[in-house]
Amino acid sequence: MVNEPVASSGQPLVKQSDNQSALYTLMTVWFFWSFVAASNGILIPLFKDKFHLTQTQAQYIDFAFYAAYFVGSILYLLVSASMKTDVLNRIGYKNGIVYGLLISAVGTLLFYPAAQTQSYALLLSGLFIVGLGFSLQQTATQPFMIALGPPETGAQRINLGGAVNNLGGTIGPVLVSFAIFGSISPEAAKAATVESVKVPYLILGGLFLALAAFFKLSKLPHITNDEKVEVGTGVLKYPQLVLGMTAIFVYVGVEVTIGSNLGEYLKKVEHLEASQVSKYVSLFWGSMMIGRWTASIGNFNPSAAMKRVLVFVVPFVAFAIVLGVNAIYSGDVTDLLPYAICVVVMIATFLAAREKPVTILLYFTAVGAILALIGVFTTGKIALFSLISGGLFCSILWPSIFSLGTAGLGKYTNQGAAFLIMMILGGAIIPVVQGKFADVVGIQQSYLVAVACFAYLFFFGIRVQTVLRKQGIDFDQAVASKGGH
C-alpha cells in the first residue's frame with residue numbers, strides 16, 4: 001500500500017491539513033486532461049471534413065491520443081525494470097507530474113508545423129505526444145491522491161479530481177470551437193481551415209509550461225511507498241488488477257466513443273454543421289462534471305442533513321454552469337433544459353447506491369446500458385439526450401474501478417497503477433470499432449457498442465467484489481460501517 005512516510009516514532013510526517021492542501025493542488029492538473037480529450041470531439045468533424053476522411057479514419061484522432069497512454073505505461077514499466085526500481089519511487093510523484101507536463105507541452109508545439117503543412121499524420125503525432133505526457137501525469141497523480149487518506153475512500157478523492165477534470169471537459173469544446181470557428185453559423189464551419197488550430201494549441205502549450213512551473217514550486221508532501229517496491233509483472237498475479245485492467249479498457253472506451261462519435265451523430269441525424277456541435281459535445285462532458293461533483297460532496301464532510309440537500313443542489317449548480325458556458329458562445333440553450341430529467345435520474349441512482357463503490361458501479365452501469373438502448377431505438381431529443389446521458393453514468397466509474405483494481409496490491413501499487421493507466425488504450429480502440437460499425441450499419445445503431453460496454457462493466461462489478469471479499473477486502477462494507485464519508 002502507498003502510505004505517508006513515518007518518523008521513527010511511527011507518527012505520520014504529513015499533517016491532515018497538509019494532505020487537504022496537497023489534494024487541492026493535485027486537482028489542478030486534472031483540468032487539462034479532460035480539456036484536451038473533450039476538444040478532440042471538435043477536431044474530429046473538422047478534420048473529417050477538411051481531410052476528406054471516413055468516420056473510421058476520423059477516429060484516428062482519439063486512437064493517437066489514447067494509444068499514447070498505453071505506450072507511455074509500457075515505457076514506464078520498461079524503464080523501471082531496467083533501473084531495477086520503480087521510477088516514481090525514485091523521482092517522486094511531484095517530479096513525475098512536472099515531467100509529464102513538459103512532454104505534453106512539446107506535443108502542442110507540433111500543431112503549428114502540422115497545420116502549416118496540412119499534415120494529418122503530424123497532427124496525430126502531436127496529439128500522441130500530448131497523451132504521452134498525460135500518461136505519466138496520471139500514473140503519478142492518482143496513487144498520490146489515494147495515499148492522502150484511507151484506501152476505501154480513495155474513490156471519493158479521485159472523484160474530487162474528476163470534478164475539476166470535467167469542468168475542463170465542459171469548457172474545452174466551447175473554447176476550442178470558438179477559437180477555430182468564431183461562431184456557430186454553418187458558414188463558419190465552411191470558412192474554417194486546418195490552420196485554425198495553430199494558435200489555440202500554442203496557447204495550450206504555454207499553459208502546460210506554466211502549470212509545470214507551479215508544480216515544481218509547490219510544497220507537496222513527499223509520499224512514497226514504504227515497502228520494498230517490486231518491478232516487472234508480478235502484480236498480474238492479483239486477479240483484481242487483471243479485472244481492473246479490462247474494466248478500465250472498456251470504461252475509457254465507452255466514455256470516449258460516446259463523445260467522439262457524437263459529432264457524426266449530430267451531423268447525420270440532427271443535420272448540424274461542425275461549428276454547431278460544440279453545445280452538445282460540451283453537454284456530454286459537462287454531464288461527467290455533474291456526476292463527479294455530486295460524488296465529491298462527501299469530501300467536505302457536511303452534516304447528514306446538509307448532505308441530503310447538497311445531493312440535489314450540487315448537480316443542478318453544475319448543470320447551470322454547463323448551460324451558462326454554452327449560452328455565452330451558442331446563445332439559446334433552452335433546447336437543453338429537458339436534459340434536467342436525466343440529471344434527476346442520475347441523482348436517484350446515486351442516492352440508491354449509498355456511496356458504496358461496488359454498488360455505485362453496478363447501478364450506474366445498469367442505468368447507462370438502459371439509456372444507451374433508448375438512444376439507439378428512439379428518435380429526436382429523447383434519443384439524443386439518452387445517448388448524451390452516458391456521460392452522467394460514466395462519470396464516477398473511473399474512481400470506483402481504479403480503487404477496486406489497486407486494492408490490496410501493497411508493494412505493487414505503483415506498478416498496478418501503471419498497468420491500469422496502460423489500459424486507457426480502450427479510448428483508442430473502441431471509438432475506432434464504433435466508427436467502423438457506423439460506416440457499415442449507421443451512426444445511431446453503432447451506439448450498441450456502448451450498450452455492450454456498460455453490460456461488461458456491470459459484470460466486472462459483480463466479479464471483482466467476489467474476488468476482493470475472498471482476500472478480506474470489502475469496500476462497500478467499510479463505507480457502510482462508517483456511515484459513508
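Predicted model: local features only at pLDDT ≥ 70, side-chain atom pairs only at ≥ 80, totals over all residues.
**Entry 1: α7 and α19**

I began with two helices, α7 (residues 120-146) and α19 (residues 397-406), whose axes come within 12 Å and cross at roughly 80°. Angles from 65 to 115 degrees count as roughly perpendicular, so that is how α7 and α19 lie to each other.

Which residues of α7 and α19 meet? I found Gln138, Gln142 and Ile146 on the α7 side, and Trp398, Phe402, Ser403 and Thr406 on the α19 side. Sorted by class, this contact has 4 polar, 3 nonpolar and no charged residues.

**Entry 2: the cavities**

How many cavities of 30 Å³ or more does the structure hold? I noted 6. The largest cavity has a volume of about 240 Å³.

I then checked what surrounds the largest cavity, and 20 residues line it. Nearest its centre lie Trp33, Gln138, Asn165, Glu255 and Trp398. Two of these names were already in my notes: Gln138 of α7 and Trp398 of α19 also belong to the contact in my opening entry.

Which helices each supply at least two residues of this lining? My list reads α1 (16-50), α3 (60-83), α7, α8 (154-181), α11 (239-260) and α13 (278-295). By class, the lining has 13 nonpolar, 5 polar and 2 charged residues.

**Entry 3: α13 and α14**

α13 packs with helix α14 (residues 304-330) at an angle of about 160°, and their axes are 9 Å apart. Is the pair roughly parallel or roughly antiparallel? The angle makes α13 roughly antiparallel to α14, because angles over 145 degrees count that way. The crossing of α13 past α14 is right-handed.

From α13 I wrote down several, including Ser278, Lys279, Leu283, Met289 and Trp293. From α14 the list includes Val311, Pro315, Phe319, Val322 and Tyr329. By class, I have 13 nonpolar, 6 polar and 1 charged residues for this contact.

**Entry 4: α15 and α16**

My last pair was helix α15 (residues 340-353) and helix α16 (residues 357-377), with axes that come within 9 Å and cross at roughly 150°. That angle makes α15 roughly antiparallel to α16. I also looked up the handedness, and the crossing of α15 and α16 is right-handed.

Where do they touch? On α15 I found Val345, Met346, Thr349, Phe350, Ala352 and Ala353. These meet Thr359, Ile360, Tyr363, Phe364 and Val367 on α16. The classes for this contact are 9 nonpolar, 2 polar and no charged residues.

Technical notes: Residues numbered from 1 in each chain as written. Heavy atoms only, no water. Axes fitted to C-alpha atoms, helices over the stretch in contact; angles between N-to-C directions. Helix = DSSP H or I, 4+ residues; strand = E, 2+ residues; numbered from the N terminus. Parallel < 35°, antiparallel > 145°, perpendicular 65-115°, else oblique. Left-handed = near helix turned anticlockwise from the far one by under 90°. Contact = heavy atoms within 4.5 Å. Nonpolar A, V, L, I, M, F, W, Y, C, P; charged D, E, K, R; others polar. 1 Å grid on protein atoms, 1.4 Å probe; cavity = no way out; pocket = protein on both sides within 12 Å on 5 of 7 lines; lining within 4 Å. Points joined across faces, edges and corners; volume = space filled by probe spheres on them.
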